[in-house]
Amino acid sequence: MYICMELFRWWSKDTIAIVTGANKGIGFELVRRLAGLGLTVILTARDRERGHRAVEILKGEGLDVHFFCLDVSDPSSIKAFVSSFKEKFGVLDILVNNAAVSFNGIGENRVVHAETVIKTNFYGPKMLTESLLPIFRCSSSIARILNMSSRLGTFDKVKNPSVREILQDEENLTEERIDNFVKIFLENVDRGDWESRGWPEIWTDYAMSKVALNAYSRILAKRYEGKGLSVNCFCPGYVQTSMTRGTGTRTPVQAARVGASLALLPPKEIPTGKFFMGCSPTVKSRL
């Protein structure tokens, strides 16, 4: 798989990639992998000190990595980041929306921080993506957006009939309708009746943030189909990260290798509007 990727090397040092939430875990390893393959990579993190520390480690390995402070849950931080990035680099080829939070341990399912989770995992990537869309270098090499997602956010996890109808109506799915069912979910959380409303049963707030992100990715893929921009989602599976408290069946390095392969698929082979899951980039389904 990786040998074939090298044989179809379309990128160069001039290829610019952004990875959010990358001072540790999968994001950090994605930056390491992409930079190791010769791209210029921007590592973002909301904690300035941790971000600088991560970049210094990678620069010590001879990699071309740059740090920008970015908190995707803060619109003013997004605005400042995009302005600084545009001033320094001007164009963008790859965006990996990796930054995400969860406040549940394994086996827990509290929704106390549901609003923060939705704001960080869905609205954050959406705002950042929309802010960066004008500077994507949509060319024959095809610009790429890879949204790190989860199987917990696949549409079949939603049992609420009205929301299922919205998600399955591909032709009429809109950002407004996504915002509406997210609003309904948060209202159910506030009222305390969310458990009986047919929302995902495992890591409910996190799952709902990924349901919304997957739905938005479908809309974006359709909007830019045939226009030089590919939009896909990737669930790396159960990975040993801080989010899983160090448990998991695979390492961040393994997950990053697959993620990087998806982000760097040959222009003639890269799909759009797909949901990739697991260890093999050939395993995919329609969003």
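In the predicted model, strand 5 makes the greatest contribution to the lining of the largest cavity, supplying 3 residues. Alongside strand 5 (143-148), strand 6 (229-235) and helix 9 (252-263) are the elements that give two or more residues to this lining. The largest cavity, with a volume of about 60 Å³, is lined by R144, I145, L146, S230, N232, L262, A263, L265, I270 and F276, and by class these residues comprise 7 nonpolar, 2 polar and 1 charged.

Turning to the aromatic side chains, the count of aromatic pairs comes to 9. One of these is formed by F68 and F85, whose rings are arranged edge-to-face at 6.5 Å centre to centre, with 70 degrees between the planes. This pair links distant parts of the chain, since F68 lies in strand 3 (residues 65-69) and F85 in helix 4 (residues 75-88), 17 residues apart. Both partners are buried, F68 with a relative accessible area of 12% and F85 with one of 0%. A further edge-to-face pair is formed by W203 and Y206, at 5.4 Å centre to centre and with 85 degrees between the planes; W203 counts as buried at 9% relative accessibility, and Y206 is likewise buried, with a relative accessible area of 9%.

Terms used
Residues are numbered from 1 along each chain as its sequence is written. This is a predicted model: local features need pLDDT of at least 70, side-chain atom pairs count only at pLDDT 80 or more; totals for chains, interfaces and linings use all residues. Side-chain values use heavy atoms; hydrogens and water are left out. On a 1 Å grid over the protein atoms alone, a cavity is a set of points where a 1.4 Å probe fits but cannot get out, and a pocket is an open set with protein on both sides within 12 Å along at least five of seven lines; lining residues have an atom within 4 Å of a point. Grid points are joined across faces, edges and corners, and a volume is the space filled by probe spheres set on the points. Helices (H or I, at least four residues) and strands (E, at least two) are DSSP runs, numbered from the N terminus. Ala, Val, Leu, Ile, Met, Phe, Trp, Tyr, Cys and Pro count as nonpolar, Asp, Glu, Lys and Arg as charged, and the others, Gly among them, as polar. Rings of Phe, Tyr and Trp (its six-membered ring) pair if their centres lie within 6.5 Å; planes under 30 degrees apart count as stacked, over 60 as edge-to-face and the rest as tilted. Buried means under 20% relative accessible area, exposed over 50%, partly exposed in between (1.4 Å probe, protein chains only).
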